[in-house]
Amino acid sequence: MSMPAIALACAAEHELAGEQGRASEQEDQDAADAKGKQAAKAAFERCALLRYGPSSAPRIEACEADLFSLPVILLFRVDGTSRSDALADLKREDAHEDGRVAAMLAFAYQGRGPAKTQGPAWMAERVKDWTDRCLAGRLRF
């Protein structure tokens with residue numbers, strides 16, 4: 001299995017574990033959300049350590065957090081927002097000063113954007129590529 005495919009597997013395990021954790025706690029929504037987040041985090045960590053090795057341990061927390069923030073940034077590109085307008089929006093939200101967010105924005109606008117009907121598939125591919133780079137330690141901020 002290629003490294004980007006492994007990253008996709010870890011992201012998928014993260015999402016599935018989160019859904020299963022939330023579904024197991026049906027009476028209290030806050031408890032369900034907390035259980036889902038905890039299960040997702042644990043699944044992602046197990047997957048990353050298994051597939052990327054112990055050297056990925058210092059990066060796991062940040063890479064897992066990226067699974068929530070990167071799709072938001074990628075949506076700017078999918079929606080046809082210019083990079084400068086996306087940056088202006090991030091500045092309004094006080095998210096622009098984080099070197100990681102700036103790197104995600106640059107990453108989102110590299111290469112070709114998605115075809116009109118390919119937004120979700122393009123985003124999934126970009127998340128997979130970013131997660132692979134992150135877990136493998138190939139991102140610099």
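**Entry 1: the model.** I am working from a predicted model.

**Entry 2: helix H3.** I began with H3, which covers residues 60-78 and has 19 residues. I looked up its span from first C-alpha to last and found 27 Å, close to the expected 27 Å. I then checked the axis and noted a bend of about 40° at Leu 67. A proline, Pro 71, follows within four residues of that bend. After the helix comes Gly 80, and I noted its positive phi, near 85°.

**Entry 3: what H3 buries.** I listed the buried residues of H3; among them are Ile 60, Cys 63, Leu 67, Leu 70, Ile 73, Leu 74 and Phe 76.

**Entry 4: the core.** Which residues touch the most other members of the largest nonpolar core? I found Phe 44, Leu 70, Leu 74, Trp 130 and Leu 135, in a core of 29 residues. Helices H1 (3-23), H2 (29-52), H3, H4 (83-92), H5 (99-108) and H6 (119-135) each supply at least two residues of this core. H3 gives the largest share, seven residues.

**Entry 5: Phe 44.** I looked up the contacts of Phe 44, leaving out residues up to four places away in sequence. Phe 44 touches Ile 60, Cys 63, Glu 64 and Leu 67, and also Cys 10, Ala 11, His 14, Thr 131 and Leu 135.

**Entry 6: salt bridges.** I counted four salt bridges. One of them joins Arg 100 to Asp 66, with the closest N and O atoms 2.8 Å apart. Arg 100 lies in helix H5 and Asp 66 in helix H3, 34 residues apart, and the pair links distant parts of the chain. Are these two residues buried or exposed? I found both Arg 100 and Asp 66 buried.

**Entry 7: a pair in H6.** Glu 125 and Lys 128 meet in a salt bridge, 2.9 Å from N to O. The two are three residues apart in helix H6, so about one helical turn separates them. Glu 125 counts as partly exposed because its relative accessibility is 37%. Lys 128, at 13%, is buried.

**Entry 8: Arg 138.** I also looked up the salt bridge of Arg 138 with Asp 132, where the closest N and O atoms are 2.7 Å apart. Arg 138 has a relative accessible area of 48% and is partly exposed. Asp 132 is buried, at 3%.

Notes
Residues numbered from 1 in each chain as written. Predicted model: local features only at pLDDT ≥ 70, side-chain atom pairs only at ≥ 80, totals over all residues. Heavy atoms only, no water. Expected span 1.5 Å × (residues − 1). Bend = angle between axes of the 7 residues up to and from the residue. Buried < 20%, exposed > 50% of the residue type's maximum accessible area, 1.4 Å probe, protein only. Core = buried A, V, L, I, M, F, W, Y, C linked by side-chain atoms within 4.5 Å. Contact = heavy atoms within 4.5 Å. Salt bridge = Lys/Arg side-chain N within 4 Å of Asp/Glu carboxyl O.
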